[in-house]
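Please look over the model below before reading on. The text starts with confidence and then turns to helix packing.

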Amino acid sequence: MTSPTDHVTDHPAGVRPAGEDLVGDDTTGTPPVTLGEPTSPARGPGRLLRILAPLVGLAVLAYLPYVAVELPGVLPDRVNGPGSLQLLATCLVVGGIALSYDVLFGRTGLLSFGHALFVAAGSYLLTVSLSTWALPLPVAVLAALGLSTLLALVVGAVALRVGGIAFAMVTLAFAQAASIIVMRNPGGVTGGEEGRPLDRDAVPDLLVGVANAPYRYWLALALVVVTWVAVAVLVRSRAGHAMAAVRENEQRAAVLGFGTYRVKLLALVAGSFLGALGGVVHALVLGGSNPHLTTSEFTLSLLVMVVLGGAGSRWGALLGGVLYTYADARLVEVSNAAFLQGLPDVVRQVLSQPLFILGAFFVAVVYFAPSSTSRRRA
Amino acid sequence: MSDLVLLIVTGLGLGALYFIAASGLSLIYGLMGVLNFAHGAFITAGAYAAWLTMGALPAGWPVVLRLLVGVLVAVCVGAVVGRVVEVVLIRPLYRHHIQQVLVTVGLSLAGVAAAQGIWGSDPRAVESPAWIGGTTDMLGARLPDDRFVYVLVAGVLFVGLLALLHLTRLGLVIRAGVENRTMVEALGIDVHRTFTVVFALGGAAAALAGALYSQYAGAVSPAQGGSLLIYAFIVVVIGGMGSLTGTAVAAVAVGLVQQLANYYAATGVGDLSVVLLLALVLLLRPTSLKGATA
C-alpha cells in the first residue's frame, strides 16, 4: 500500500476525502476558503433590487389565482383554473424540495442519493398518522416532521462514516430499503403500489376538492417561502459558513478546526427536515402519498433539477425544480407536435418520454459545461 | 434439511447474478473512481439485446441455441455500449469525478425512458429452454436448474477475470492502476486505454447479467436493470470497492442472507437485512471502504 511514490499523489494512498471531487484541481494559489453567500459589494439601489425583486415575484405568484387569462399551449386551462393551479402547485412543491436538496449537494458538497427517503418519510408519516393513527392535523404534521428528522439523524450518523462516492452508495441503499418497505405494504399501512390517499375528513375543507385548488396553490407557495427563508438564514449562519468550508475543501476545514462530521450531519439533518416539510406539503397538495416519492429515480431527478438550475444557488435550485416538473408534465405534448409527425415511429416513441428528453438534456449540460455543475467561487 | 439446501442453492444463484452485475462495477470503480449509474442501463441493454435476438432468430432453432446466440449478442452489445460511453462521455470529463457520476445518472434516466418509449413499460415474456425451468433432485431437495447455470457462469467469469488480472500484462496494469494510478502514469503507461478496456469489460459483464436476469425473472422490463443495480452497489460497497474477491464473497453473502431471511423471517425482511448488513459493515469496518487493494 505505502510506496515511496505516495508523495506523487495529492493525498495519502487509500484516503479519499469527500470534498476532493468538488474542489478538483484546486491549487494552492487560490484563496483558501470562500465562506457563505456571494459577498456582493452592491449597496444602495442594487441591494434594494435584490430584496425587492423576490417580493414582487412573490406578489405576482400570490395573485395568480385571480388571473383568468387563457395561455394556450403553456397551461392546460385558464391560469386560475383548477388544472393549471394544481400543476403550478406541484411545480412549486417540487421546487421547494429541490431547494432542500441543495442544502446537501450545493451547499455542503454531499452527494446524497437518499434524499427521497426523507421526503417520502414526511409524506407517508403524515398520511399514515392522519388515517391509521387518527391524529389531528397539527399533531400529525409535528409527528411527521419529528420522526423524519430523527430518521435523518440515525441514517446520517451511519452514512457519514464514509465520504464521497461511498456516502452516495450508502444513502442510496438506505433509500432503497425504505422503498422496499413501502412497496411491500407491511400491515396495509403504506398501501403498496397504490400509495396512501389523504384522509379527507382529517384535513380542513379548504385543502380538499377541485374548487379549493387556489388554497393548495398558496400552501405550496408558502412552502417555497419558508424553505427559501430557512435556507437563507442557514447559509448566513456560522453553521452555513462551516458547510461552505467543508464543500470547498474538507481536509482544510478539518485542519482549521471545524468538526467536519458534525457540520455534515447538521447539513444532512437540516436538509432532510426541509425535505420532510416538502413531503408533508406534497401529500397535502397532491392528496396522498405516492410510492414514486420513495424511489431512487426521484432522488436522481432532484439531483438533475439542482444541477440544471445551478448548484449552490437558491434561485437555481428552485427554478430547476419548478421547470423540471413543468417540463415533465408538459413535454408529453411534444410527441404530438406536428413537426414530429414525419419522423420514424421509433424516434417519436423515444421522444414521447419526457424523462428521455430531460436525461439527454442533463447529459448535454454536464458534458458541455462541467464546471457549471459544481459551484466554484474562488 | 431439504429446505435449507434449497435456500442455499437459490441464494447462491442469486449471489451469482449479483456478482456478474457487480464485477464490472467494482473494476470500474477501483480503477477509475467512477460510480457508474449507467450500469443499470447496460444491464437493461443486455436483457433487451438477448430478447430481441431470440425473437429475430428462426423459430425452428432449438431454444437453447437461440438463447446462447442471444447471450453472445448481448455480451457484444454490452461491450460496445460500454466502450462508446467511456470514449464519448466519460473520457472528456476525466478529473471531474462528480460530473462523471452525473453523466451516468443522466444516461441511466434517458436509457430507461428510451426503452420504455420503444418497448413499453410492461414486462415482455422471455422464452426459456424447457430444462431451465425444471428441477434436479439432490440431497432430498428439488433444486431449480437455472441456479446451477448462474453459479457456473459466475464461477467461470470470476476465474476468467482473476486470470486476466493476474496472468496478463493488461491485468498487471489494471491492478497497478487500482493501487496507484499516478505512479502507473509516471512509468509511461497509457492508463486511459486501459480505462476503455475496463469499461467495455464492465459493459459486457453487465449485459451478461441482464440476459441471465431476464431468464431468472422470466421477462424483460425497462426497470429491471435499476433494481439489479441497487444490489450490485451494495455488494460492491460491502466487498470493499475495487476488490474482485471481496465482491465475490459479498455477493454470495448478500444472496444467502436475502434468501434465508426472506424464508425464515418474512418476505421483504431479506431485502432489508441486506441493507442492515451494509450498515453493520460500515459501522464495524468503515476503513475497508475508503480504498481498494485489488
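Chain A has an average pLDDT of 80, and 83% of its residues reach at least 70. Where pLDDT is low, the predicted coordinates should not be read in detail.

Two packed helices are described by the angle between their axes and the distance between the axes. In chain A, the axes of helix 12 (residues 314–330) and helix 14 (residues 354–368) come within 8 Å and cross at roughly 140°. Because of that angle, helix 12 of chain A is oblique to helix 14 of chain A. The crossing of this pair is right-handed. Helix 12 of chain A contributes Y324(A), A327(A) and D328(A), which meet P354(A), L355(A) and L358(A) of helix 14 of chain A. By class, the residues of this contact are 5 nonpolar, no polar and 1 charged.

In chain B, helix 2 (residues 39–56) packs with helix 9 (residues 224–238) at an angle of about 130°, the axes being 8 Å apart. Helix 2 of chain B is therefore oblique to helix 9 of chain B, and their crossing is right-handed. H39(B), G40(B), I43(B), T44(B) and A47(B) in helix 2 of chain B meet Q224(B), G225(B), G226(B), L228(B) and L229(B) in helix 9 of chain B. The residues of this contact comprise 4 nonpolar, 6 polar and no charged.

Definitions and conventions
Residues are numbered from 1 along each chain as its sequence is written. Chains are lettered from A and ligands numbered from 1 in the order in which they are written. This is a predicted model: local features need pLDDT of at least 70, side-chain atom pairs count only at pLDDT 80 or more; totals for chains, interfaces and linings use all residues. Side-chain values use heavy atoms; hydrogens and water are left out. pLDDT is the predictor's confidence in each residue, from 0 to 100. Axes are lines fitted to C-alpha atoms, for helices over the stretch in contact, and angles run from 0 to 180 degrees between N-to-C directions. Helices (H or I, at least four residues) and strands (E, at least two) are DSSP runs, numbered from the N terminus. Angles under 35 degrees count as roughly parallel, over 145 as roughly antiparallel, 65 to 115 as roughly perpendicular and the rest as oblique. A crossing is left-handed if the near helix is turned anticlockwise from the far one by less than a right angle, and right-handed if clockwise. Contact means heavy atoms within 4.5 Å. Ala, Val, Leu, Ile, Met, Phe, Trp, Tyr, Cys and Pro count as nonpolar, Asp, Glu, Lys and Arg as charged, and the others, Gly among them, as polar.
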